[in-house]
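The following exercises are to be worked with the sequence and the coordinates at hand. Each task is followed by a stepwise solution.

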Amino acid sequence: MIYFDNSATTKISTAALATYDQVSQQIWGNPSSLHALGEKAFGLLEQSRQQIANLLGVAADEIFFTSGGTEGDNWVVKGTAIEKHIYGKHIITSSIEHPAILNSMAQLEKLGFAVTYLPVDKTGHVDPADVAAAIRPDTILVSIMAVNNEIGSIQPHLEIAKILQAYPKIHYHIDAVQGIGKGIQQLIMNDRVDFVTFSGHKFHAPRGIGIMYKRRGRKIASLMSGGGQEKNLRSGTENLPAVAAMAKALRLLLKDEATKVKQQAAIKQYLYERLIKYPKVTMFTRVGSDFAPHILCFTIDGVRGETIVHAFEEHEIYISTTSACSSKKHVISGTLNAMKIPEKIATSAVRVSLDENNTLEQAKQFMEIFDQLYQRFAKINS
């Protein structure tokens with residue numbers, strides 16, 4: 001089996017799974033309980049929080065645990081809207097965000113908020129000048145992803161951060177679900193950013209656990225009311241085994257990060273250089289510093305994306321049709337639509353996404369099967 005769908009989810013690491021199992025069986029007290037079992041659980045919770053904070057280069061009291069990227073994105077967008085609506089009701093985002101952002105924005109529009117959806121160029125990048133031009137006196141939030149989940153474009157956050165230095169009252173959020181461990185931490189955790197969201201299952205942690213970074217001093221409304229956990233901002237009994245496992249997974253992810261990124265980039269370049277030689281292949285991803293090292297999006301013209309996915313699946317090679325969140329709904333890629341790619345081409349898009357466990361040998365096997373399928377599709381179409 002060759003698994004090239006790591007942007008959809010990653011396999012939980014053996015070490016993270018062992019931590020999850022150990023904590024589940026040995027430290028099962030409620031961190032809010034006053035007795036010794038509760039104190040032991042609370043100690044591990046805070047130890048994990050500190051470890052994650054150290055890895056991200058922030059303070060422990062700036063780390064909050066969520067159920068994943070979707071909750072984190074919802075929390076930042078809606079929590080900001082609730083907290084700051086008396087100061088303004090204008091939000092800026094991009095036209096290629098994850099549905100967790102775009103659908104949250106749509107909900108807020110129904111409640112009277114105004115949202116500016118920034119366009120992207122033909123390579124899927126936001127122009128920082130458009131961010132500056134969109135800012136209004138009533139702007140309360142700028143939310144732009146770090147890495148696009150469909151084509152891998154890295155957004156120019158250092159330039160955006162410079163612009164927002166002049167607007168300290170505007171909340172600045174980065175959805176970094178696809179960016180963690182990809183060699184761009186300086187961009188993600190820049191000096192101006194206020195909120196950053198991560199999802200554990202994208203870096204070999206369990207599903208159902210995530211991280212929200214909140215800069216100290218920034219205020220955000222709670223969406224989860226209850227027992228007052230997470231400094232009274234995110235109530236609900238903490239998922240301690242998943243938190244501890246996520247801390248372990250993040251530490252392992254960032255160990256030798258540069259080497260892992262280099263390996264993924266080499267595999268991506270190998271695939272890119274060979275795929276573009278096929279006349280009917282249209283490539284949407286590029287090789288370079290403004291694209292992530294692990295995502296490759298392309299089409300075989302005239303063949304629907306789901307047909308390509310299932311054809312590879314017959315050979316136990318697993319890829320996806322752009323975003324996993326929309327693949328079973330048979331909707332056109334929102335990113336390619338925003339890039340003004342014709343529908344006929346966009347419906348053929350597929351995504352290969354790598355991680356540090358993939359090898360060049362797997363890429364060679366992929367290309368062998370690709371060549372067979374390409375010839376087969378050519379005969380069918382002719």
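A residue is called buried under 20% relative accessible area, exposed over 50%, and partly exposed in between (1.4 Å probe, protein chains only). The model is predicted, so that local features need pLDDT of at least 70 and side-chain atom pairs count only at pLDDT 80 or more, while totals for chains, interfaces and linings use all residues. Residues are numbered from 1 along each chain as its sequence is written, and side-chain values use heavy atoms, with hydrogens and water left out.

**Exercise 1. A nonpolar surface patch**

Task: Determine whether Ile 82 is buried, partly exposed or exposed, and state which residues make a nonpolar surface patch with Ile 82.

Solution.
- Step 1. Ile 82 is located in helix α3 (residues 69-84); helices (H or I, at least four residues) and strands (E, at least two) are DSSP runs, numbered from the N terminus.
- Step 2. Ile 82 has a relative accessible area of 45% and is therefore partly exposed.
- Step 3. Patches are made of residues with over 30% relative accessible area and no salt bridge, where like charges are joined within 9 Å and nonpolar side chains (Val, Leu, Ile, Met, Phe, Trp, Tyr) within 5 Å. Accessible areas come from the Shrake-Rupley method with a 1.4 Å probe, and for residues only the protein chains shown count as cover.
- Step 4. Ile 82, Leu 223 and Met 224 make a nonpolar surface patch of about 240 Å².

**Exercise 2. Aromatic pairs**

Task: Classify the ring pairs Phe 4 with Phe 366 and Phe 298 with Phe 370.

Solution.
- Step 1. A pair of aromatic rings is described by the distance of the centres and the angle of the planes. Rings of Phe, Tyr and Trp (its six-membered ring) pair if their centres lie within 6.5 Å; planes under 30 degrees apart count as stacked, over 60 as edge-to-face and the rest as tilted.
- Step 2. By this rule there are nine aromatic pairs.
- Step 3. In one of them, Phe 4 and Phe 366 are 5.7 Å apart centre to centre with 45 degrees between the planes, and the pair is tilted. Phe 4 lies in the loop between β1 (2-3) and α1 (14-26) and Phe 366 in helix α15 (residues 360-381), so that the pair links distant parts of the chain, 362 residues apart. Both Phe 4 and Phe 366 are buried.
- Step 4. Phe 298 and Phe 370 form an edge-to-face pair, at 6.0 Å centre to centre and 75 degrees between the planes. This pair also links distant parts of the chain: Phe 298 belongs to strand β10 (residues 295-300) and Phe 370 to helix α15, 72 residues apart.
- Step 5. Phe 298 is buried because its relative accessibility is 0%, and Phe 370 is buried because its relative accessibility is 0%.
- Step 6. Phe 4, Tyr 278, Phe 298, Phe 312, Phe 366, Phe 370 and Tyr 374 form one aromatic cluster.

**Exercise 3. Salt bridges**

Task: Locate the salt bridge of Arg 351 with Asp 5, and trace the network that includes Asp 194.

Solution.
- Step 1. Side chains of opposite charge can pair when their charged atoms come close. The criterion for a salt bridge is a side-chain nitrogen of Lys or Arg within 4 Å of a carboxyl oxygen of Asp or Glu.
- Step 2. Twelve salt bridges are found in the whole structure.
- Step 3. Arg 351 and Asp 5 meet through their side chains at 3.4 Å, N to O. The pair links distant parts of the chain, with Arg 351 in strand β12 (residues 349-353) and Asp 5 in the loop between β1 and α1, 346 residues apart. Arg 351 and Asp 5 are buried.
- Step 4. Asp 194 forms a salt bridge with Arg 192, with the closest N and O atoms 2.8 Å apart. Asp 194 is buried because its relative accessibility is 2%, and Arg 192 is buried because its relative accessibility is 5%.
- Step 5. Asp 194 also forms a salt bridge with Arg 218, the closest N and O atoms being 2.8 Å apart. Asp 194 lies in the loop between α7 (185-188) and β7 (195-199) and Arg 218 in the loop between β8 (210-214) and α8 (229-232), so the pair ties together parts 24 residues apart in sequence. Arg 218 is buried because its relative accessibility is 16%.
- Step 6. Salt bridges with shared partners join Arg 192, Asp 194, Arg 215 and Arg 218 into one network.
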